[in-house]
Amino acid sequence: MKTLIHLDSSLRGEESNSRILSSAFAKSWQSKFPDGKIIYRDLAKNPIGHLTSEAVQASYKPVEQRTPADIAALKPLHDAVDELMSADHILIAAPMYNFTVPSSIKAWVDHIVVDGRTFSFGANGPEGYVKGKKVFIISSHGGSYTPDSPWAAMNMLTPWLRNILGFLGMTDVESISIEGADFAKDQVAQQMNASREKITQLVAEL
Ligand SMILES: Cc1cc2nc3c(=O)[nH]c(=O)nc-3n(C[C@H](O)[C@H](O)[C@H](O)COP(=O)(O)O)c2cc1C
């Protein structure tokens, strides 16, 4: 049985481009894997929360020295990692906020980057332990950040996600983006249709 983690994060509710497309992805995925399990997290409605000081300080202690309070503080991180490890496919839907992901996605990432569980530093440098997953990033940008745009270098959404997920071992990443959503509105419908077709194709290839 396949498992998909589906993360939404837009604060725009049902009008959101990234939500509309991630919902189309999830529907298509469920048709392809009728017995598959979807773990859905709406991080805008139910944020995972920031990393706590207690969790970070507990994480520096050797496991055998951790108190019940330390273990409790680390539980949200270990739960998020267990969930991630249980998934075959990960779908991250994100609007661009201040040139990067919404802080709710950043907080989720902060919970899955756990030394000793999802990565470690060895003699050969860092090693990611989250292998064999396929990740899909669906983003929507108010401006346009295509490679030929003068704004391209300001896109710290998908490039950042690719870097941090790759650091953890997730190197099989597909991305779809809506460009110029707030400025080239006439082209948004066309991009949404093209994205729906791309989603159908990506899910068919799974
Ligand atoms: C708080 C906030 C910050 C934003 N920052 C940016 C930005 O830095 N660059 C940009 O191109 N668009 C920015 N936008 C516009 C959104 O990226 C754009 O409306 C996008 O299509 C929203 O995605 P959604 O339809 O999935 O909600 C911002 C919007 C909001 C609400």
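**Strands, core and shell in a predicted model**

Modeller: In this predicted model, strand 3 and strand 6 (residues 134-140) run parallel and are joined by 7 bridges.

Biologist: What makes strand 3 and strand 6 a pair?

Modeller: Pairing asks for at least two bridges. Strand 3 and strand 6 have 7, so the two strands count as paired. Within this pair, Leu-91 stands opposite Phe-136 in strand 6.

Biologist: Which strands make up the open sheet, and in what order?

Modeller: There are 5 strands, in the order 2-1-3-6-7, with parallel pairing.

Biologist: Why are strand 2 and strand 7 said to stand at the edges?

Modeller: Strand 2 (37-42) and strand 7 (173-178) each have a single partner strand, so one side of each has no neighbour in the sheet. On average, neighbouring strands are turned by 10° against each other, direction ignored.

Biologist: What does helix 1 touch when it packs on the sheet?

Modeller: Helix 1 touches strand 1, strand 2, strand 3, strand 6 and strand 7. The direction of helix 1 makes about 165° with that of strand 3.

Biologist: Why is Asp-82 called exposed?

Modeller: Asp-82 has 10, so Asp-82 is exposed. This residue lies in helix 3. From Asp-82 to Ser-144 there are 62 residues in sequence and 36 Å in space, C-alpha to C-alpha.

Biologist: Which residues of helix 4 are buried?

Modeller: In helix 4 (residues 103-112), the buried residues are Ser-104, Ile-105, Lys-106, Trp-108, His-111 and Ile-112. To be buried, a residue needs 20 or more other C-beta atoms within 10 Å of its own. Strand 1 (3-8), helix 3 (68-86) and strand 3 (89-95) are among the elements that cover them.

Biologist: Which residues have the most contacts inside the largest nonpolar core?

Modeller: Leu-7, Phe-25, Leu-91 and Ile-92, in a core of 41 residues. Helix 3 supplies the largest share of this core, 6 residues. Leaving out residues up to four places away in sequence, Phe-25 touches Leu-91, Phe-136, Ile-138, Ile-199 and Val-203.

Biologist: Which residues come nearest to the ligand?

Modeller: Of the 17 residues around the ligand, Ser-18, Pro-95, Gly-142, Gly-143 and Ala-181 come nearest. Helix 1 (residues 17-32) gives the most to this shell, with 3 residues.

Biologist: How many residues of each class are in the shell around the ligand?

Modeller: The shell has 9 polar, 5 nonpolar and 3 charged residues. Gly counts as polar here.

Methods: Residues numbered from 1 in each chain as written. Predicted model: local features only at pLDDT ≥ 70, side-chain atom pairs only at ≥ 80, totals over all residues. Buried ≥ 20, exposed ≤ 12 C-beta atoms within 10 Å, placed from the backbone. Helix = DSSP H or I, 4+ residues; strand = E, 2+ residues; numbered from the N terminus. Contact = placed C-beta atoms within 7 Å. Near = placed C-beta within 6 Å. Core = buried A, V, L, I, M, F, W, Y, C linked by C-beta atoms within 7 Å. Axes fitted to C-alpha atoms, helices over the stretch in contact; angles between N-to-C directions.
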